[in-house]
Amino acid sequence: GIQVLIYAGDVDYICNWLGNKKWTLALEWPHKADFNAAADAPYKVGSEQVGRLRSSNGFHFMQVYLAGHMVPMDQPAVAQAMLNDFLAGKMGAQNMEA
């Protein structure tokens, strides 16, 4: 299947993370119940928690801490780890340390 990653900075006032998370929870798709039941897990880069990640059946939502509308500009190391994990198929793995 196709993997999907939606992410939002937690200090983005243009497209706030709460609204983005809400639409991901409301999205009609075959695994909606699984995604909605999934936990928001800590996402770490090294030993530092830099966000929260919810994943189910290839659909991922990540809240990135201390990032605004331009996550890669505000948190470049986090954005790179997030993208690398996503492209490598590691998003949502038990141990999310990058």
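# Close-up views of a predicted model

**View 1. Strands β3 and β4 form an antiparallel pair joined by 6 bridges.** This is a predicted model, in which local features need pLDDT of at least 70 and side-chain atom pairs count only at pLDDT 80 or more, while totals for chains, interfaces and linings use all residues. Residues are numbered from 1 along each chain as its sequence is written, and side-chain values use heavy atoms, with hydrogens and water left out. Strands (E, at least two residues) and helices (H or I, at least four) are DSSP runs numbered from the N terminus, and two strands pair if DSSP finds at least two bridges between them. Serine 55 has histidine 60 in β4 as its bridge partner. Arginine 52 is bridged to glutamine 63, also in β4. The hairpin of β3 and β4 has 2 residues between the strands, and asparagine 57 in this hairpin takes a positive phi near 50°.

**View 2. The open sheet has 4 strands in the order β1-β4-β3-β2, with mixed pairing.** β1 and β2 are the edge strands, each pairing on one side only. Direction ignored, neighbouring strands of this sheet are turned by 30° against each other on average. Axes are lines fitted to C-alpha atoms, for helices over the stretch in contact, and angles between N-to-C directions run from 0 to 180 degrees. Helix α1 packs on the sheet and touches β1, β3 and β4; the direction of α1 makes about 165° with that of β4. Contact here means heavy atoms within 4.5 Å. β1 and β4 run parallel and are joined by 6 bridges. Tyrosine 7 stands opposite methionine 62 of β4.

**View 3. Strand β4 is largely enclosed by the rest of the structure, because 6 of its 6 residues are buried.** Buried means under 20% relative accessible area, exposed over 50%, and partly exposed in between, with a 1.4 Å probe and protein chains only. In a regular strand the side chains alternate between the two faces of the sheet. From β4, Phe59, Phe61 and Gln63 point one way, whereas His60, Met62 and Val64 point the other way; all are buried. Glutamine 63 belongs to β4, residues 59-64, and has a relative accessibility of 9%. Residues up to four places away in sequence not counted, glutamine 63 touches Ala8, Asp10, Trp17, Val50, Gly51 and Arg52.

**View 4. Leucine 5 lies in strand β1, residues 4-9.** Its relative accessible area is 18%, so leucine 5 counts as buried. With neighbours within four places in sequence left aside, leucine 5 is in contact with His60, Met62, Met82, Phe86 and Met91. The C-alpha atoms of leucine 5 and phenylalanine 35 are 13 Å apart in space, with the two residues 30 apart in sequence.

**View 5. Lys21, Asp40 and Arg54 are linked in a network of salt bridges.** A salt bridge is a side-chain nitrogen of Lys or Arg within 4 Å of a carboxyl oxygen of Asp or Glu. Between aspartate 40 and lysine 21, the closest N and O atoms are 2.4 Å apart. This pair links distant parts of the chain, 19 residues apart: aspartate 40 is in the loop between α2 (32-37) and β2 (41-45), and lysine 21 is in helix α1 (residues 17-26). Lysine 21 counts as buried at 16% relative accessibility. Arginine 54 also meets aspartate 40 in a salt bridge, at 2.8 Å, N to O. Arginine 54 is in strand β3 (residues 48-56) and aspartate 40 in the loop between α2 and β2, so this pair ties together parts that are 14 residues apart in sequence. Arginine 54 is buried, with a relative accessible area of 9%.

**View 6. Glutamate 28 and lysine 32 meet through their side chains in a salt bridge of 3.0 Å, N to O.** Glutamate 28 is exposed, at a relative accessible area of 64%, whereas lysine 32 is partly exposed at 22%. The model has 3 salt bridges by this rule.

**View 7. One aromatic cluster is formed by Trp29, Phe35 and Phe59.** The count of aromatic pairs is 2. Rings of Phe, Tyr and Trp (its six-membered ring) pair if their centres lie within 6.5 Å. The charged end of arginine 54 sits over the ring of phenylalanine 35, 5.8 Å from the ring centre. A charge sits over a ring if NZ of Lys or CZ of Arg is within 6 Å of the ring centre and within 35 degrees of the ring normal.

Key:
Phe/Tyr/Trp six-rings, centres within 6.5 Å; stacked < 30°, edge-to-face > 60°.
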